[in-house]
Amino acid sequence: MLAWQLKGEATRLDIQHALLIWLRTRCYSDKHRELYRAAIDRYVESLGKDILLVGILLRDTAPNELDVAARARDLADNLGSPTRIEIAAWYLPIPIKDWPGLLHMEVS
């Protein structure tokens, strides 16, 4: 699922457009608007390829490098430069069924 989501963000203009609008509305200062404009210029000049994709995989299993290795390899094979990809895996020692309780500090 992680690779599919990241690939969609890298290739679907509707998703990219929504993210750009979301980001633009959070540029409150002149400095942030200036950085946003520079990023948009790079994005447009690269035909939408100069982006950074960040993926976080959350698991309630024992750590396994293979969880992200295949996904990262697939993305690297399908998305060329200058697109950058960062994937991290977080392994929590709490069963996934208890994660909602973490938000409310209900874990024993």
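Reader: Which residues in H4 are buried?

Author: Quick heads-up that this is a predicted model. In H4, the buried ones are Asp67, Val68, Ala69 and Leu75. Looking down the axis of H4, those buried residues fall within an arc of 165 degrees, so they line one face of the helix.

Reader: And which exposed residues sit on the face of H4 turned away from that buried side?

Author: That face carries Leu66, Arg73 and Asp77.

Reader: How many residues does H4 have, and what does it span?

Author: H4 covers residues 66–78, which is 13 residues. From first C-alpha to last, H4 reaches 18 Å, close to the 18 Å expected at 1.5 Å a residue.

Reader: Switching topic: what makes up the largest nonpolar core?

Author: Eight residues: Ala3, Leu6, Ala10, Tyr43, Ile51, Leu53, Leu75 and Leu79. Helix H1, residues 2–11, gives the most to this core, with three residues.

Reader: Take leucine 53. What is it in contact with, leaving aside neighbours within four places in sequence?

Author: On that count, leucine 53 is in contact with Leu6, Glu9, Ala10, Leu79, Thr83, Arg84, Ile85 and Glu86.

Reader: OK, glutamine 16 next. Buried or exposed?

Author: Glutamine 16 is buried, with a relative accessible area of 6%. You'll find glutamine 16 in helix H2, residues 13–24.

Reader: What lies 3.1 Å from a polar atom of its side chain?

Author: The backbone oxygen of glutamate 9. Not counting residues up to four places away in sequence, glutamine 16 also touches others, including Tyr43, Gly48 and Ile51.

Definitions and conventions
Residues are numbered from 1 along each chain as its sequence is written. This is a predicted model: local features need pLDDT of at least 70, side-chain atom pairs count only at pLDDT 80 or more; totals for chains, interfaces and linings use all residues. Side-chain values use heavy atoms; hydrogens and water are left out. A nonpolar core is a set of buried Ala, Val, Leu, Ile, Met, Phe, Trp, Tyr and Cys residues joined through side-chain atoms within 4.5 Å. Buried means under 20% relative accessible area, exposed over 50%, partly exposed in between (1.4 Å probe, protein chains only). Helices (H or I, at least four residues) and strands (E, at least two) are DSSP runs, numbered from the N terminus. Contact means heavy atoms within 4.5 Å. The expected span of a helix is 1.5 Å times one less than its number of residues. The arc is that of the directions from the helix axis to the C-beta atoms. A polar contact is a pair of N or O atoms within 3.5 Å; within protein, one must be able to donate a hydrogen and the other to accept it, and residues adjacent in sequence count only if both atoms are side-chain atoms.
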